[in-house]
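Subject: A structure to look through

Dear colleague,

I am passing on a structure for you to read alongside this note. Please keep it open while you go through the points below, which are arranged by topic.

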Amino acid sequence: MAVVLAVADVGVIKNMNNIKSNLSIATCTLLGGAAQQANAIENSWDLDSSLLYYSEDDDRVSVTKAMAFLTGDLSSDDTVNVNLVLDTMSGATPTGAVRSKNSSVSFSSASGAGSSTIDGGSVDRVNFSDTRLGIALNWTHSQDRLTSISYGGSLSVEKDYQSYGASINYNLDSEDRLTTYTAGFAGSFDEIYRKTDGTPEPLSVVDDNNMFSNGERYSYDFILGVSKVLNRKTIGQLNYTISYSDGYHTDPYKVISEASLVEDTDTGEFAWAELNRYYEARPDSRLRHSIYTSMAHQYGDTGETVHASYRFYTDDWGISSNTFDLTHRTPLSAKSYIEPHFRYYQQSAADFFVHSFVNDDVSTPIILPEFASADYRLDESVGITTGIEYGTKLSGGNFRARIEFINWQYEEAEYDETKALVLQVSYQKLFD
Amino acid sequence: MTNITTEIKNNYSIGRFEAMACPCEILVESVDKKLIKKLTKLAYQEAKRIEQKFSRYTNDNIIFKINNAKGIPVSVDDETALMFDFANQCYELSEGKFDITSGVLRKIWKFDGSDNIPSDKDVNLLKPKIGWHKVKWDRPIINLPADMEIDLGGIGKEYAVDSTVKILKEHTDKSFLVNFGGDIACPKPKQGNEPWYIGLDDPSHTGEKSVGQIALYQGGLATSGDARRFLLKKGKRYSHILDPLTAYPVPDAPRSVTVISNTCIEAGMLSTFAMLQGKDAKDFLEAQDVKYWCVP
């Protein structure tokens, strides 16, 4: 959803920065000089570019993300944002299969890799590489002093995924401009397929290679929000989002092992032996609700800012989650700040999540459920993020650098831990 | 127009007159007598036009009509509408600290160097009469609550400077400078990319001592703050910059702030906003990335 209300930054310096460029636009309108006006509009653009590196340990997924966010005013009533993202993803990702020692099943590779790849004789994870290009456009038009409407469009393309989206948001300010109400709608259409085209028949045996056509999914989001200036130093926000999606929700690469736990006679340890492997199957619709509340408060003489948020999420797949997020910005000088970040995320497992189809009696065929997935992202989990950001004002722009460590613990999944490192550097160029 | 004078100097000419209760002058990089006379006359006409149109001291202009409408909506012309749009944006950008309805505060705060601090009672009586958010401005209709007043004094002079520059540009290609009581703008540098030099008054020795010279190549320059306008009580100095949100002078405001920006009105707003920040004036100016001089 492209609904972000201005909550994140109540920092003094940032607010001050806007004043000159806004004033220039206001002045040009007042003086009505066409040449001056064009000049000032040109000057009011700002470009935020950023490079993000995400890396999971144990040679799992790594992503390099280049982002450019251009925002500018077309007129005193029209603001345009252009958001470009280029992701390069590679590494190995768990397939959902058990880490079996004596597997004899081959497995074709996930996204992007041309030939089948067997990782160290195991097939519980698969190498992949892909590139994603995302473009989003947003246009906000002020209807009058108190109302504005934003129109958005987005496109995202990968080798095995395409997504098209559109959104509209209506913002209404109260007469005193201390409260902003938002109502929005977003729709998207996604096409999902394997790199080799098509999607596997849900819960079919992998070796059978039964392929269906590409998956399609329609999603609809409605959002209602209110953001309120509680006092001169505090802003609060409350959002409710309901989303419904209809169509193909399955991950065409994820599989589930039919496995039995056997004792290694040499070591005496128990290990999974894979007997068979199935493609996963997820329901063809999903209804989600989420409530998000946040508060930003500035205090102290130097403008320390604390930003806390909580999000509750629940869906009809049985997943519910709680997210607490806390940042604290301390100015180091008039130009720089440091901002530690802490996030706690906890979710319950989807109703149809399984570690594997356990079969202790090989002679009896198992009865397959209607839906099943061994994707670790649908497991009960806790994720903790700790990080710190440093920002400083340079001549003509702002520089930011961020480092974060993320640790996820999964309850039942075959890979029960993910550790990741995030590094990001950003430079915001102000054309003034 | 008896008070217009012109003078030819070495390589430039000056035209002088009085308008908007202050000395005004035009400097032109030319020694053409006819040109300086023509430009000075145009400048005088524009300054007088704006003075008459937006002054609150006359009883036949749009401001008088609005201030005496007693709550009845008034329809305004395009130029006045642009002024209100601009004032509205300044109100929002300054988070309510720049407010064209705050002029009524002058009734109780008289900055004459004396110790006449108004009583809390006087201040509280006036407070409900201030607040642009209480004004219904729906272009071109303005509806001002009966007991409130609009005063464009905080914008008018700077606007007149920029507006005069615009008119003079249509009549000459020479570099020139418009100075209405210290609010200044020039549209382009002199030949050979030379600046105009402007003396900056020391606020405590007005007209006698200057704290420096400023080279102005092009753009606008404005100064907020005036050492002669203050109140002094029990050793505490009250600056003449009033915060409409408290109805009291802004504490710890600098004595004067001078800013160079794209236009005179922009410079004027930035210097005023800076004064309204009180002790944070310097931080504010730093963040704007403009040339400024701050006399604490």
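**A glutamine in chain A**

Gln347(A) counts as buried because 21 C-beta neighbours lie inside 10 Å of it (a residue is buried if 20 or more other C-beta atoms lie within 10 Å of its own, exposed if 12 or fewer, and partly exposed in between, with C-beta atoms placed from the backbone). Before going further, please note that this is a predicted model, in which local features need pLDDT of at least 70 and side-chain atom pairs count only at pLDDT 80 or more, while totals for chains, interfaces and linings use all residues. Residues are numbered from 1 along each chain as its sequence is written, and chains are lettered from A and ligands numbered from 1 in the order in which they are written.

Gln347(A) belongs to strand S17 of chain A; helices (H or I, at least four residues) and strands (E, at least two) are DSSP runs, numbered from the N terminus. Leaving aside residues up to four places away in sequence, Gln347(A) touches Ile319(A), Ser320(A), Ser321(A), Glu380(A) and Ser381(A), where a contact means that the C-beta atoms of two residues, placed from the backbone, lie within 7 Å. Gly318(A) is 29 residues away from Gln347(A) in sequence, and their C-alpha atoms are 9.9 Å apart in space.

Strand S15 (residues 304–315) of chain A runs antiparallel to strand S16 (residues 320–331) of chain A, and 10 bridges join them; strands pair if DSSP finds at least two bridges between them. Tyr310(A) stands opposite Phe324(A) in S16(A). These two strands, S15(A) and S16(A), form a hairpin with four residues between them, and Gly318(A) in the turn has a positive phi of about 95°.

S16(A) also pairs with strand S17 (residues 336–347) of chain A, in the antiparallel sense and over nine bridges, and a hairpin of four residues joins S16(A) to S17(A). Here Thr330(A) has Ile338(A) in S17(A) as its bridge partner.

**The sheet and helices of chain B**

Chain B has seven helices and 17 strands, and 41% of its 296 residues are buried. Eight of its strands form an open antiparallel sheet in the order S1-S2-S3-S7-S8-S11-S16-S17. Strand S1 (5–8) and strand S17 (291–295) of chain B stand at the edges with a single partner strand each, so one side of each is left without a neighbour in the sheet. Strand S16 (residues 256–261) of chain B pairs with S17(B) over five bridges in the antiparallel sense, and Thr258(B) stands opposite Trp293(B) in S17(B).

Helix H6 (residues 264–276) of chain B packs at an angle of about 145° against helix H7 (residues 281–288) of chain B, with their axes 7 Å apart (axes are lines fitted to C-alpha atoms, for helices over the stretch in contact, and angles run from 0 to 180 degrees between N-to-C directions). In this contact, Leu270(B), Phe273(B), Ala274(B) and Met275(B) in H6(B) meet Ala281(B), Phe284(B), Leu285(B) and Gln288(B) in H7(B). By class, the residues are seven nonpolar, one polar and no charged (Ala, Val, Leu, Ile, Met, Phe, Trp, Tyr, Cys and Pro count as nonpolar, Asp, Glu, Lys and Arg as charged, and the others, Gly among them, as polar).

**Where the chains meet**

Between the chains, 20 residues of chain A are in contact with 25 residues of chain B. On the side of chain A that touches chain B, the residues divide into eight nonpolar, seven polar and five charged.
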